[in-house]
Amino acid sequence: MSILYCNCTYAKVVPVEVKRDVLRRLSDSGRAFDAVADLCDMSARKDPALKKIAEGGCTQIAACYPRAVKWLFHAAGTPLPDAGVTVLNMREDSADDVVKELLA
Amino acid sequence: MSRTEGKNLRVVLYEGPGSTPLADDDRFAALAALLDNGFEVTRPVAGQHVAPADDAPVLVLGLLDPLDTPPEVAPGQEVHFRNLADGDLLEAARAVREATGARKLEAWKPWFPVIDYDRCTNCMQCLTFCLFDVYGVDKQQQITVQNQDNCKTDCPACSRVCPEVAILFPKYGKGPINGDVVRAEDIQREAMKVDISTLLGGDLYGALRSRQKDARKRFSTERDESKALLERKRCLGKLKKDLDIPDEVLMTLPSAEDIEERAARARAKLAKRQAISQTVKDTRPAPSETEWGI
């Protein structure tokens, strides 16, 4: 199970305290993970790294709304697989809930 | 180079054999600083999965033990090594970013429409509505975002006219435009907006043109410049309120003549595409202008 964390660097729409708390606990967890500055920015650039992530098997993504994440990958020409991907919403959910799912 | 081009530098925060593990506070501080400055960061752990390397340049950062010979790197892979003990983390990362020509942190908000094809019915309302040529159609005649750089930051107007709530702007503040779940009341609200535009006379720009014409007529008979200006201000104010269009976008709206010219170009383009598709594979009659929504 791979983990992807989006920092939403280019806009402040994800609450800072939630994303920082998730990052801190991820950092302390001893788990391997990839962290990107901003998935929207990568989608806009059709970054090839998204393809690697989309093709990388089961993935847990800590970012924003699942509908947005799904279609951001699609817009980049690298749709996520229909199964095996869980998107955790740091815009709506608490850091506790996100981390619980992420590190389960 | 456009703001949407270029590769990011991928930083690997290494704590494996041949290095000293970072303290928890230092690791977190490094991660946060790198991400806030636009870098992508991978924290590898032996036996666990991370995204495989692509052709983006890589910087390996860590408290690395001194090496007599540098580690072997796969051919074609650009990998740089920097020891965190030798200096500032961000300075090292920025220097490698500069040296590799990787993309710098841009002062921009990634703002462009994202289409939810589970909801989109290909009605082309967005294509006919957007004045900045953001939308187009692909070879399968499906609506697509063709010129995302043309999109005006903070303008979600096309998503407001979409009858299916199928256009997202993930950086927008409110749902469902930001990607939140679409609820029944959202569809009802959007449908009401479309009805309002219909009541105004077919489409909003049509209404604007008509109002402009009326205002000109009144101006010529009444010779009252202030009334005409007030009418224009009132009309633009209504458009701004109904569709949440930022002032700077309203300031750049093309003239009525420009809009008519664009519409004519779009009609000609669609007719040409249709003629080609008729010739090649499709024997159905060409859709009317009403069916295309123009």
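In chain B, of the contacts with a separation of 6 or more, 59% are between residues 24 or more positions apart, where contact means heavy atoms within 4.5 Å. This is a predicted model, in which local features need pLDDT of at least 70, side-chain atom pairs count only at pLDDT 80 or more, and totals for chains, interfaces and linings use all residues. Side-chain values use heavy atoms, with hydrogens and water left out, residues are numbered from 1 along each chain as its sequence is written, and chains are lettered from A in the order in which they are written.

Let me stay with chain B for a moment. Chain B has 10 helices and nine strands; these are DSSP runs numbered from the N terminus, helices being H or I with at least four residues and strands E with at least two. Of its 294 residues, 40% are buried, and buried means under 20% relative accessible area, with exposed over 50% and partly exposed in between, for a 1.4 Å probe and protein chains only. The accessible surface of chain B is about 16,500 Å², and carbon and sulfur atoms hold 53% of that; these areas come from the Shrake-Rupley method with a 1.4 Å probe, and for residues only the protein chains shown count as cover.

Now, how do the two chains meet? In chain B, 56 residues are in contact with 45 residues of chain A. Together the chains bury about 4,100 Å², 54% of it on carbon and sulfur atoms. Buried area here is the accessible area (1.4 Å probe) that two parts lose on being put together, summed over both. On the chain B side, Phe28(B), Leu35(B) and Lys171(B) lose the most area to chain A, together 16% of what that side buries.

On one side, β3(B) pairs with strand β2 of chain A, residues 33-36, in the antiparallel sense over three bridges; two strands pair if DSSP finds at least two bridges between them. Within that pairing, Thr42(B) is the bridge partner of Asp34(A). β3(B) also runs parallel to strand β1 of chain B, residues 10-13, joined by three bridges, and there Arg10(B) stands opposite Glu40(B).

As a reminder, side chains in a regular strand alternate between the two faces of the sheet. In β3(B) both faces are covered: Glu40(B) and Thr42(B) are buried on one side, Val41(B) and Arg43(B) on the other.

So what surrounds Arg43(B)? Beyond its neighbours within four places in sequence, Arg43(B) is in contact with residues of both chains, including Leu26(A), Phe33(A), Glu15(B) and Val50(B). A polar atom of the Arg43(B) side chain lies 3.3 Å from the backbone oxygen of Ser27(A). Arg43(B) counts as buried because its relative accessible area is 8%.

Over in chain A, strands β3 (residues 59-63) and β4 (residues 85-89) pair in the parallel sense over five bridges. The path from β3(A) to β4(A) goes through helix α4, residues 66-75, as a right-handed β-α-β crossover; right-handed means that, with the strands pointing away from the viewer, the path from the first strand over the helix to the second runs clockwise.

Last, some backbone details for those of you who like torsions. The peptide bond from Gly175(B) to Pro176(B) is cis, with omega near 0°, and Pro176(B) sits in the loop between β9 and α5 of chain B. Lys46(A) is not a glycine, yet has a positive phi of about 50°.

Key: Polar contact = N/O pair within 3.5 Å; in protein donor to acceptor, adjacent residues only side chain to side chain.
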